[in-house]
Amino acid sequence: MGKENSKPLAILIICLGIFPIFVRSDYYLSIMIFIGINSIIVMGLSLLMGYAGQISLGHAAFFGIGAYCSGVLTVKFGFSVLSAFLSGILLSGVMAMAVAVPTLRLKGHYLAVATLGFGEIIYIVFNEFLDITGGPSGLSGIPYIDFWGYAFKEGIRYFCLVWGIAILLFIFALNVIHSRVGRALRAIHGSDVAAAAMGVNVSWFKVQVFALSAIYASVAGSLYAHFVTFISPPTFGLFVSILLLMMVVVGGGGSLWGALLGAGIVTILPEYLRPFKDFDVLVYGIILMVILLFMPEGLLKGLTVLLKWIRGKIASRQTVIGQGA
Amino acid sequence: MTRFSEILQFLFSGLTVGSIYGMVGLGFTIIYNATAIINLAQGEFVMLGGLIMFSLTAGAKLPLYVGFPLTILSVTTVGVLFERFAIHPLRNASLLTLIIVTLAASILFRGIAMFIWGKDPYALPPFISGSPVIIGGAVIIPQAFWVLGTAVTIVILMSFFFSKTIVGKAMSACSFNPMAASLMGINVRKMILLSFALSAALGAVAGVVITPISLMEYDRGPVLAVKGFCAAVLGGLGIGYGAVIAGFMIGILESFTTAFIHSGFKDAVALFILLFILCFKPSGIFGSEEVGKIKKF
């Protein structure tokens with residue numbers, strides 16, 4: 001996991017722990033739950049982007065596969081919550097492999113294109129297979145998660161569940177980065193050819209990261225379905241895929257802490273964009289463009305650099321004052 | 001209506017839609033060839049073309065022969081500004097960042113279009129009034145000939161441009177090796193700017209000719225971009241005529257899917273073709289694997 005991460009992680013866990021003690025409002029709790037759900041997806045995407053150097057334009061589809069597996073299997077086929085959840089993970093993983101194995105063999109950004117196509121196909125499937133998915137009018141009546149009579153309904157319990165899982169997955173992702181796999185991935189990001197020369201199976205590692213990111217999205221989808229208890233296709237469309245990508249860019253690709261920051265900011269943003277109504281699209285476009293142009297490494301890095309610069313200024317001023325005195 | 005005329009009818013409507021996909025695909029190809037960027041805002045150029053043409057001819061009452069060039073000019077300006085203010089400053093960034101920039105631009109253009117024109121679809125009158133032509137029992141509206149004719153003309157002009165003119169040859173050189181091209185005295189940056197201008201102009205033309213048939217609204221871009229991209233990949237990424245022929249093929253297949261299978265799956269056809277071709281022949285129908293290997297993308 002790396003020593004440098006343990007302190008901020010402890011602070012994060014403490015903050016999350018005391019949050020529900022002070023904030024009892026369901027509104028804020030549900031926003032925090034959505035941030036948690038989005039964080040899980042964005043962590044996976046961040047690994048993919050920052051370590052495999054690829055982007056996915058269809059991650060909302062894997063989010064949707066998780067959600068629809070949980071929803072459809074529990075509502076229509078009487079699966080237990082846990083088995084539906086695991087089926088979602090399995091299906092997303094297999095689908096991800098099917099998309100990634102042929103495309104990641106190719107040089108370049110074919111994965112972006114393939115995931116764009118894949119995402120749209122899955123969206124059409126959600127819409128058109130009325131008998132199973134409920135089509136455009138959606139699927140309702142998804143049960144709450146229930147462990148031996150202990151029901152995770154909305155509010156504090158679900159907050160703890162989502163963030164508990166998010167933190168575990170976060171630690172897992174940090175461990176991946178600091179393991180042999182992570183080193184191989186960083187080598188690939190540096191140079192495909194050099195990594196291959198060192199004996200790293202480049203495309204296979206990329207496929208694994210992509211599958212892992214799909215599984216993360218699927219987990220988030222299941223959590224979403226059991227929280228909202230209603231799912232419909234627009235939640236899993238192209239625009240959501242773009243928003244997820246935007247979360248990675250805002251936070252800074254390749255940094256898991258950036259992923260958390262990006263997920264937080266972009267999830268809260270719509271709450272402040274209400275007065276703009278439909279023009280939120282314009283605001284999203286402007287924000288994304290400004291960040292790409294002026295802070296291409298993301299807000300986390302940008303803010304750190306800014307902070308250092310300010311500190312440096314203050315320090316140099318102090319030395320000037322000190323010399324003057 | 002006989003079976004034959006029915007098939008003919010769907011064939012013609014497929015060709016009409018397909019020529020738009022082909023033109024969008026060609027737009028992708030031009031930028032890709034000069035920069036290796038997949039310009040995800042390509043569909044927005046088409047959308048802007050249709051909507052600006054609407055404002056100029058139906059709104060400002062300009063005649064067709066004034067409105068059309070003015071539309072092309074304005075969308076080209078948008079393309080040039082986009083390159084200057086978004087792509088050019090990031091010329092040292094990774095290809096990944098640049099692709100995301102085009103994505104951001106597409107959202108931005110869509111937002112601006114919604115701001116100006118709202119969410120309603122707009123229609124244009126056909127370029128020439130006249131009764132539909134009947135061929136073999138199939139009814140074809142005159143505007144369809146305009147669309148097809150434009151697509152074919154553009155392919156001919158483009159292949160002339162890239163194979164016969166010095167500027168076109170310089171642009172092709174940039175696509176193979178920008179370093180070598182600049183050593184030959186080609187101004188690579190100017191070529192990149194030109195590629196964005198050309199591709200925006202092409203998008204505008206496609207938007208103008210299709211709007212009388214299929215209307216135009218602010219969020220048409222992504223669908224067109226995806227289909228156009230499918231055409232570009234199917235034809236072999238980087239091969240202009242390939243993109244247009246593949247566009248026709250996708251249009252016809254879509255039209256037949258609507259007719260004989262289910263209209264809901266119409267949009268999935270192009271995407272299935274895309275995934276299929278990426279699995280089995282990523283160099284496309286007209287591309288060769290050897291050429292694919294030396295490309296930077």
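This is a predicted model: local features need pLDDT of at least 70, side-chain atom pairs count only at pLDDT 80 or more; totals for chains, interfaces and linings use all residues.

Residues are numbered from 1 along each chain as its sequence is written, chains are lettered from A and ligands numbered from 1 in the order in which they are written, and side-chain values use heavy atoms, with hydrogens and water left out.

I looked up B:Lys227 and found its side chain in a salt bridge with that of B:Glu254, at 3.0 Å from N to O. B:Lys227 sits in helix H9 (residues 221-234) of chain B and B:Glu254 in helix H10 of chain B, so the pair ties together parts that are 27 residues apart in sequence. For helices I took DSSP runs of H or I with at least four residues, for strands runs of E with at least two, numbered from the N terminus.

Are these two partners buried or exposed? I call a residue buried under 20% relative accessible area, exposed over 50% and partly exposed in between (1.4 Å probe, protein chains only). B:Lys227 is buried at 4%, and B:Glu254 is buried at 3%. Together with B:Asp267 they are linked in a network of salt bridges.

I also noted B:Glu217 with B:Arg220, whose closest N and O atoms are 3.4 Å apart in a salt bridge. Both residues are buried. In chain A, the side chains of A:Glu297 and A:Lys301 form a salt bridge at 3.5 Å, N to O; here A:Lys301 is partly exposed, with a relative accessible area of 47%.

B:Thr257 lies in helix H10 (residues 240-260) of chain B and is buried, with a relative accessible area of 8%. What does B:Thr257 touch, leaving aside its neighbours within four places in sequence? With contact meaning heavy atoms within 4.5 Å, I listed B:His262, B:Phe265, B:Lys266 and B:Val269.

**Nonpolar cores.** I used sets of buried Ala, Val, Leu, Ile, Met, Phe, Trp, Tyr and Cys residues joined through side-chain atoms within 4.5 Å. The largest such core has 205 residues, and those with the most contacts inside it are A:Tyr158, A:Ile231, B:Ile20 and B:Phe82. Helix H2 (residues 26-52) of chain A gives the most to this core, with 16 residues. I followed B:Ile20: beyond its neighbours within four places in sequence, its contacts are B:Val147, B:Ala206, B:Val209, B:Ile210 and B:Leu224. A second, separate core has five residues, including B:Leu8, B:Phe12, B:Ala138 and B:Ile140.

**Chain B overall.** I counted 12 helices and two strands in chain B, running α-α-α-α-β-β-α-α-α-α-α-α-α-α from the N terminus. Its C-alpha trace spans about 60 × 45 × 35 Å along the principal axes. Of the 297 residues of chain B, 56% count as buried. Among its contacts between residues at least 6 apart in sequence, 74% join residues at least 24 apart.

Note on methods: A salt bridge is a side-chain nitrogen of Lys or Arg within 4 Å of a carboxyl oxygen of Asp or Glu.
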